[in-house]
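Biologist: I would like to learn how to read the features of a model like this one. Please take them one at a time, with the general idea before the case.

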Amino acid sequence: MTRSTAVKPPRSHKLSTQFIVFMVLAAAAPLASMIGNLPIAISRGTGANVPVAFLIAGLILVAFTTGYAFIGRRVVSTGAFYTYVAEGLGKPLGVGTAFCAIISYGAFAFGLAAACGYFDEQVSIAVGYKVDWTICAAVSVLLTGVLNYRSMDASTKLLAVIIVVETAVLVVFDTSVVVAKGWAAFPLSSFAPSQWLAPGIGVSLMTAFTCFVGFESGALYSKEAADPVRSIPLASYVSVILIGSFYLLTAWITVGAMGSGDVKAQALAHGGTLVLDLIKQYDGEVASDIAGVLLCTSMLATYIAIHAAASRYVFALAREGLLPRMLAKFDEVRNVPVAATLCMSLATVVCLIGIASTRNDPYAAIIPVLIGMGTLGIIALQAAAAIAIVFYVFKRRKEAGPVVLVASVLAAIGLSVALTTVCINFTLLSTVNTPFVAWLPALYLVTLAVGIGFSVWLRKARPAQYAQLALVEVRASVG
């Protein structure tokens, strides 16, 4: 008598809504955003009124998410914003946007990999045993590559731990300030109506929007989501509300922690260590040291999330022949675009070798420029998607209703203003004030033009391939 055995099919690693939220939160990097960007917003922006900028940015992005959720429930694609722009504004603009997205996420990922190495080196120096930044960066690239190649749920488990711990540091700081100062931790003068458009609001808005970069990445996991029609819009709403509320509260309490003096002068005096110095003042030196170490893990979490996002854009474009099709290989069991993930890792290694070969201080001249270019490009991507969503919603205005339409229009206006402020203040964002760097944003215009031209050529020379552009995996009809 023989025993029949059933072979279980391999488990597919589908992503839940919670996992997608953690990927989005990791990309936004709460601790790194507050330590790195908040001092700039206060010192060079509107000072004590900086919470207003976070409120405005948060409201604009909530409005954006309203239209984003509407289209996200009806058009599901790994191409994310590329597909949305193609749906709303046409395929040529969609292709141009897609190429800009590759540059944006690629530059961001390269800069973050180098930044991980740089900050790890600083920590090693602080503990008395220097490890060169190139070695630290190589370890970060290897760890990120392995995690993202195995499966996204492996990455998100690590990211969940990092996000919880780094957020806890800021929660402890916020609580300590409130306990020490009471209601004075929430100065009502920060929201004085006369200060909403005070001098420096452009810089404050720029830094506020840069803190949200990464929240848009949820749609890139459509192919891997267990229920993309439901999960992607829900994850987007949850993420932007959590991020916006947390940033607003922490920025407000940070202003309260600085007291009633000249907040801008205090921020200028402390420089980039403002938040760490305040943590030391209210929670002690050990807490400040811990926050400094967790800054490194926050950067790593952001790098893992941005690397994953960049890989999915590479996969989406390769699948449609806009990049070599060999990069479209997808592991259906682990639910990972394996070829695109390897491509991003190898490209990062090449970039790091190039940075190291210059023998320059990577943070003084290169890392901020790469991250600045990535930030600018992603905000431009958000603005383009916002405008495209307006056209998409307008065509379906009876189905969408007036609330979605009005919210989408306001979001498009707000993100266009945000993009303008980032372009105007790009040298401040990149911290490198040279003519060459000031002209770098023009690279996106050139890339957009090349993408549009290539798309027009495809329409004439390869109509069958052109018809498959902006591929939609699920076109759901939702009431």
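This is a predicted model: local features need pLDDT of at least 70, side-chain atom pairs count only at pLDDT 80 or more; totals for chains, interfaces and linings use all residues.

Biologist: Is Phe173 buried or exposed?

Modeller: A residue counts as buried under 20% relative accessible area. Phe173 has a value of 1%, so Phe173 is buried. As for distance, Phe173 and Ser124 are 49 residues apart along the chain, and their C-alpha atoms are separated by 25 Å.

Biologist: What can be said in the same way about Ser345?

Modeller: Ser345 has 12% relative accessibility and therefore counts as buried. Ser345 is found in helix α13, residues 338-357.

Biologist: How do I check the length of a helix?

Modeller: The expected span is 1.5 Å times one less than the number of residues. Helix α1 covers residues 17-28, twelve residues, so 16 Å should be spanned; the end C-alpha atoms are 17 Å apart, which agrees. Helix α6, residues 133-150, has 18 residues and reaches 26 Å from its first C-alpha to its last, close to the 26 Å expected.

Biologist: How many of the twelve residues of α1 are buried?

Modeller: Nine of the twelve are buried, and α1 is mostly covered. They are Thr17, Ile20, Val21, Met23, Val24, Leu25, Ala26, Ala27 and Ala28. Just after α1 comes Ala29, with a positive phi of about 50 degrees.

Biologist: Which residues of α6 are buried?

Modeller: The buried residues of α6 include Trp133, Cys136, Val141 and Leu147. Ser140, Thr144 and Asn148 are also among them.

Biologist: And which are the buried residues of helix α11?

Modeller: In helix α11, residues 274-283, the buried residues are Leu274, Val275, Leu276, Leu278 and Ile279. Gly284 follows α11, and its phi is positive, near 105 degrees.

Biologist: How should I read a pair of aromatic rings?

Modeller: A pair of aromatic rings is described by the distance of the centres and the angle of the planes. A search of the whole structure finds 17 aromatic pairs. In one of them, Tyr118 and Phe119, the ring centres are 5.4 Å apart and the planes stand at 80 degrees, so the pair is edge-to-face. Tyr118 and Phe119 are both buried.

Biologist: How are the rings of Phe186 and Trp252 arranged?

Modeller: Phe186 and Trp252 are edge-to-face, with 5.2 Å centre to centre and 70 degrees between the planes. Phe186 lies in the loop between α7 (152-181) and α8 (201-212), and Trp252 lies in helix α9, so the pair ties together parts that are 66 residues apart in sequence. Phe186 counts as buried because its relative accessibility is 19%. Trp252 is buried too, with a relative accessible area of 18%.

Biologist: Which residues do ring pairs link into a cluster?

Modeller: Phe64, Tyr68, Phe81 and Tyr84 are linked into a cluster by ring pairs.

Biologist: Where does the charged end of Lys91 sit?

Modeller: For a charge over a ring, the atom to follow is NZ of Lys or CZ of Arg. The charged end of Lys91 sits over the ring of Tyr466, 5.2 Å from the centre of that ring. Arg74 lies over the face of Phe70, at 3.8 Å from the ring centre.

Biologist: Which side chain does Arg74 meet in a salt bridge?

Modeller: The rule for a salt bridge asks for a side-chain nitrogen of Lys or Arg within 4 Å of a carboxyl oxygen of Asp or Glu. By this rule the count comes to one salt bridge. Its partners are Arg74 and Glu399, at 2.8 Å from N to O. The pair links distant parts of the chain, 325 residues apart: Arg74 is in the loop between α3 (50-72) and β1 (75-76), and Glu399 is in helix α16, residues 397-400. Arg74, at 5% relative accessibility, counts as buried, whereas Glu399, at 42%, counts as partly exposed.

Biologist: Which residues form a nonpolar patch on the surface?

Modeller: Leu234, Val238 and Leu242 form one, with about 220 Å² of accessible area together. Leu242 lies in helix α9, residues 228-257. With a relative accessible area of 46%, Leu242 is partly exposed.

Methods
Residues are numbered from 1 along each chain as its sequence is written. Side-chain values use heavy atoms; hydrogens and water are left out. Helices (H or I, at least four residues) and strands (E, at least two) are DSSP runs, numbered from the N terminus. Buried means under 20% relative accessible area, exposed over 50%, partly exposed in between (1.4 Å probe, protein chains only). Patches are made of residues with over 30% relative accessible area and no salt bridge: like charges are joined within 9 Å, nonpolar side chains (Val, Leu, Ile, Met, Phe, Trp, Tyr) within 5 Å. Accessible areas come from the Shrake-Rupley method with a 1.4 Å probe; for residues, only the protein chains shown count as cover. Rings of Phe, Tyr and Trp (its six-membered ring) pair if their centres lie within 6.5 Å; planes under 30 degrees apart count as stacked, over 60 as edge-to-face and the rest as tilted. A charge sits over a ring if NZ of Lys or CZ of Arg is within 6 Å of the ring centre and within 35 degrees of the ring normal.
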